Amino acid sequence: TFGTLSAGQRATVFLPSLVTGIRIFPVTDATSIAFTAHSVKEVLGTPRYQSTAAQRPILGRHPKGGRRNLLVRAREFNNGSWVKADTTITANAANGVGGTATMDLCTEGSAGTALIVQDATIAANSTNTFAIDLKRGNHDWVRLISYETATSSNNVSGYFNLATGAVGTVASGGTGSGATASIQNLGNGIYRCILTGAVNNSATAIQVRTVSASADNSSGRVSGATRYQDRAQLEAGAVETAFQGVTTTYD
């Protein structure tokens with residue numbers, strides 16, 4: 001079967017050159033159908049064809065200018081692309097920079113175990129920039145971390161105060177290097193927090209994480225901490241570019 005058609009529907013069907021005849025018939029025997037064959041045209045040349053399904057190319061959407069954001073579901077922290085530990089997400093709980101409810105409320109549980117993380121693939125020995133919109137909930141400090149999946153001690157990290165808009169301690173750990181951080185006041189209590197650095201080894205599998213901090217340069221978390229997040233982006237290079245929403249890995 002090369003094509004099926006429902007009542008009132010118009011369709012274009014392509015048939016491979018090995019076909020020597022065309023039959024049009026109803027699905028159910030002893031019934032009749034009415035149809036119009038609009039046109040039949042031979043396409044010259046030798047079209048490409050792959051008979052093995054697993055070897056066929058996957059077609060995906062390609063954003064204008066190319067894909068820059070290495071994260072998927074970058075505004076949907078309740079999505080399974082983001083791994084949550086002892087953290088619950090309330091979607092679209094506050095207005096984002098666009099004036100509509102796009103910021104997700106993140107509520108952490110017990111101090112010391114909570115986190116939100118996503119895996120990503122980068123080029124080996126590369127510098128990358130992780131940026132995210134954050135808004136204060138019931139605590140001041142948030143920590144951003146970019147680290148090697150296999151060895152989390154190879155990382156870059158930065159602390160951000162969502163009450164004052166200040167950047168706190170910025171550090172490289174293990175083979176991590178070149179850590180820098182900055183913060184932009186976007187208004188309405190929203191800050192764009194930006195962390196740049198290199199895991200600095202041959203690893204290409206990394207994770208990016210947001211987590212509460214009890215104080216600047218403290219690994220201790222805040223029990224019951226709340227904050228709002230939106231527009232996460234991880235990209236190659238040391239410069240943050242305009243946010244690009246990405247739905248799937250095939251964008």
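A salt bridge here is a side-chain nitrogen of Lys or Arg within 4 Å of a carboxyl oxygen of Asp or Glu. Some notes for a first look follow.

1. Before anything else: this is a predicted model, where local features need pLDDT of at least 70, side-chain atom pairs count only at pLDDT 80 or more, and totals for chains, interfaces and linings use all residues. Residues are numbered from 1 along each chain as its sequence is written, and side-chain values use heavy atoms, with hydrogens and water left out.

2. The structure holds seven salt bridges. One of them pairs E240 with R192, with 2.9 Å between the closest N and O atoms. R192 sits in strand β10 (residues 190–198) and E240 in the segment after β12, 48 residues apart. (Strands, E, of at least two residues, and helices, H or I, of at least four, are DSSP runs numbered from the N terminus.) R192 is buried at 1% relative accessible area, while E240 is partly exposed at 24%. For these words, buried means under 20% relative accessible area, exposed over 50%, and partly exposed in between, using a 1.4 Å probe and protein chains only.

3. Next comes D133 with R231, whose closest N and O atoms are 2.6 Å apart. D133 lies in strand β5 (residues 127–136) and R231 in strand β12, so this pair ties together parts that are 98 residues apart in sequence. Both residues are buried.

4. R75 is partly exposed at 32%, whereas D230 is buried at 0%.

5. S212 is worth a click. It belongs to strand β11 (residues 205–213) and, with 2% relative accessibility, counts as buried. Its side chain makes a polar contact with the side chain of E108 at 2.6 Å; the term covers a pair of N or O atoms within 3.5 Å, where within protein one must be able to donate a hydrogen and the other to accept it, and residues adjacent in sequence count only if both atoms are side-chain atoms. The S212 side chain also reaches the backbone nitrogen of V222 at 3.0 Å.

6. Finally, I33 is found in the segment before β1 (83–85). I33 is partly exposed, at 44% relative accessible area.
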